[in-house]
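Subject: Structure for your review

Dear colleague,

Please find the structure below, followed by an account of what was found in it.

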Amino acid sequence: MIDENLTTSNPILEAKSLNRTFGGLVAVNNVSFTVNKNEIFGLIGPNGAGKTTLFNMITGLIEPSSGQMFYQGEEISFLRPHLIAKAGIARTFQNIRLFGDLSALENVTIARHIHTKSGFIRGILGLPPAPSEEIRNKQKALELLDLVGLSDRAFEKARNFPYGDQRRLEIARALALEPQVLLLDEPAAGMNPSEKNQLSEFIRELRSQFNLTVILIEHHVPLVMGLCDRIAVLNFGKLIALGDPAQVRTNPAVIEAYLGSD
Amino acid sequence: MAGFLSTYGFLIVSMVMGALLGLSLYLPLMTGQLSLASPGFYALGGYIAAILSTQVFKVSDGLYPIGLVLLEMSIAGVVSGVLGVLVGIPALRLRGIYLAIATIAFVEVLRVLSLNLDITGGAVGIFGIPQPFLTPIEYLWIVIPLLLMSMVLLYRLERIRLGRAFTAIREDELAAGAMGIDPTYYKVLAFTLGAILAGVVGAVSAHFLNTWNARQGTFDASIVYLTSVLIGGTRTFVGPVLGGMVFTALPEVLRAIADTAGLPLWLAQFLRDGRLIIFGLLIVLGTIFFPQGLVTPDLFKRRKDRKSQS
């Protein structure tokens with residue numbers, strides 16, 4: 001199935017010569033790549049290689065200094081974050097950004113925003129479709145919490161969850177957007193080996209269940225090698241390798257820059 | 001009862017208006033925006049009502065029709081709303097303390113304008129604003145329904161999609177954006193709703209006080225309403241409602257205490273005139289010891305939790 005995806009090559013996200021500088025620092029340097037629909041695409045590289053900067057450019061949190069970003073053929077380089085989310089790209093954050101004071105259920109319900117329409121008047125007065133929307137939202141949110149195994153703690157405040165659960169809650173929240181593309185920024189950070197194994201399985205399941213394209217940043221090399229269809233390697237802002245795990249593993253530039261340092 | 005109402009009627013109506021103004025400051029705070037602009041819109045609403053009732057409608061004999069008061073309130077609300085959008089869009093690009101400073105500047109600009117324009121009566125202001133009621137307490141017929149409507153609105157707001165968007169922005173604006181919520185839109189909306197409410201209350205207040213001048217809705221007032229919200233509570237609308245009532249009544253209570261015989265002169269003087277010092281101290285102590293205010297949503301939740309657990 002994986003090979004089929006690669007050969008049909010159906011691009012969903014395309015970066016063309018992306019650059020981003022912060023003052024004198026070149027964080028992302030002329031990076032181009034294409035992510036195919038339904039692929040699990042890994043982004044690896046040493047600390048400070050520009051991986052999160054790239055994520056932030058894809059999701060509109062920062063604008064590229066130059067270059068372009070296309071999603072399903074449309075340019076999204078300078079769209080504001082909420083419009084990119086609306087277009088179908090959802091993400092999690094490296095340094096977990098849940099709404100800590102709110103319950104797990106509320107966190108996920110908030111992310112149903114773009115799939116509901118009722119505004120001020122109808123919401124306040126409880127006119128259709130507001131009430132049925134509210135019920136549907138809550139059901140959907142509970143389903144997603146169930147999916148990540150947190151439904152029994154739906155009413156607990158997000159900040160009281162252990163680290164691994166917070167990461168899973170962030171995934172549930174991102175899924176509530178019903179995205180086409182899911183960006184995971186270090187989803188395995190802070191997880192123990194057995195949790196990491198479960199995570200691989202879980203991400204594969206998500207892909208098939210929601211017909212997702214997944215792009216993930218991850219430091220844990222065995223996990224990335226085992227999970228990803230293709231991997232892009234960044235070093236000092238430059239793309240030094242792009243290919244399937246076997247190709248990347250044997251690439252001399254990668255071994256020198258990243259794997260060799262292990 | 002009649003004696004009580006005639007003595008305290010003025011204070012009771014003031015307390016309800018204090019609650020409403022607390023809510024007008026609470027609305028932008030729902031999106032995490034500390035705006036002190038409410039007194040400016042309050043002053044604006046008052047001038048609109050004062051000018052309309054003394055120069056445009058000019059009802060000469062008998063009581064002023066309540067219908068016209070309601071019309072003035074609507075006009076004040078619409079004008080405040082439009083100005084709210086115009087001020088809100090640039091001002092809400094600022095964050096935290098900078099937004100607070102910008103909104104203080106807005107209040108000051110309005111104050112200086114009203115001092116210098118002919119239509120606002122300059123420093124003297126506008127007086128002889130006609131009365132729709134015979135006694136102050138009867139103003140409750142207007143302000144109580146207004147407060148109830150605002151409370152129902154906020155109760156609903158905190159439970160629907162719109163309120164959730166507000167909360168998400170308050171909790172983490174960046175994450176809210178990544179969830180498809182447009183932070184600018186909802187921040188301007190919350191700010192504008194607060195502006196409308198303040199303008200409407202100002203319109204009632206102009207009739208209620210009978211006179212309107214540049215001393216209405218100043219920076220002092222900003223501090224009073226800020227105290228009501230910060231001490232009352234910033235996480236549920238019940239906080240600012242109670243806070244607004246308590247802190248409107250507090251100066252009167254202090255004055256009553258100051259009148260007790262045998263108090264040293266300096267203390268009596270301080271209780272009468274040191275209102276803002278006391279409010280300032282309360283803000284500092286409150287933010288240190290009760291960062292979410294005294295009335296928090298957890299107070300209401302606990303009972304529900306117990307029920308669901310048993």
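I begin with a strand pair in chain A. A:Val233 has A:Ala241 as its bridge partner in strand S10 of chain A. Helices (H or I, at least four residues) and strands (E, at least two) are DSSP runs numbered from the N terminus, and two strands pair if DSSP finds at least two bridges between them.

Please note that this is a predicted model, in which local features need pLDDT of at least 70, side-chain atom pairs count only at pLDDT 80 or more, and totals for chains, interfaces and linings use all residues. Residues are numbered from 1 along each chain as its sequence is written, while chains are lettered from A and ligands numbered from 1 in the order in which they are written.

The sheet of chain A

S9(A) and S10(A) are antiparallel and share 5 bridges. They form a hairpin with 2 residues between them, and A:Phe236 in the turn has a positive phi of about 50°. On S3(A), S9(A) has a parallel partner, joined to it by 4 bridges; here A:Leu43 stands opposite A:Ala232.

These strands belong to an open sheet of 6 strands with mixed pairing, in the order S6-S7-S8-S3-S9-S10 (chain A). Strand S6 (89-91) and strand S10 (238-243) of chain A are at the edges with a single partner strand each, so one side of each has no neighbour in the sheet. From one strand to the next the twist averages 20°. Strand S7 (residues 181-185) and strand S8 (residues 213-217) of chain A run parallel and are joined by 5 bridges, with A:Leu184 partnered by A:Leu216 in S8(A).

Helix H2 (residues 51-58) of chain A packs on the sheet, where it touches strand S3 (40-44), S6, S7, S8 and strand S9 (230-235) of chain A, and its direction makes about 150° with that of S7(A). Such angles run from 0 to 180 degrees between N-to-C directions, with axes fitted to C-alpha atoms, for helices over the stretch in contact. Two residues are in contact if their C-beta atoms, placed from the backbone, lie within 7 Å.

Is S9(A) enclosed or open? Because 6 of the 6 residues of S9(A) are buried, the strand is largely enclosed by the rest of the structure. Buried means that 20 or more other C-beta atoms, placed from the backbone, lie within 10 Å of the residue's own; exposed means 12 or fewer, and partly exposed lies in between. A:Arg230, A:Ala232 and A:Leu234 point one way from S9(A), and A:Ile231, A:Val233 and A:Asn235 point the other way.

The domains of chain A

Chain A is assigned domain 1 (1-88 + 179-262) and domain 2 (101-177); such bounds come from an automatic or database domain assignment. The C-alpha centres of the two domains lie 27 Å apart, and their contact takes 9 residues from domain 1 of chain A and 7 residues from domain 2 of chain A.

The contact between the chains

Between the chains, 20 residues of chain B are in contact with 26 residues of chain A. Helix H5 (140-157), helix H6 (161-171) and helix H7 (173-178) of chain B each supply at least two residues of the chain B side. H6(B) gives the largest share, 7 residues. By class, this side has 11 nonpolar, 3 polar and 6 charged residues; Ala, Val, Leu, Ile, Met, Phe, Trp, Tyr, Cys and Pro count as nonpolar, Asp, Glu, Lys and Arg as charged, and the others, Gly among them, as polar.

In H6(B), 10 of the 11 residues are buried, so the helix is largely enclosed by the rest of the structure. Its buried residues pack against helix H4 (104-110) and helix H5 (120-125) of chain A together with H1, H5, H7 and H8 of chain B.

Two sites in chain B

B:Gly32 is in the loop between helix H1 (2-30) and helix H2 (38-57) of chain B. It is buried, with 22 other C-beta atoms within 10 Å. Beyond its neighbours within four places in sequence, B:Gly32 is in contact with B:Ile169 and B:Arg170.

B:Met15, in helix H1 of chain B, is also buried, with 20 other C-beta atoms within 10 Å. Its C-alpha atom is separated by 5.4 Å from that of B:Thr248, 233 residues apart along the chain.

Yours sincerely
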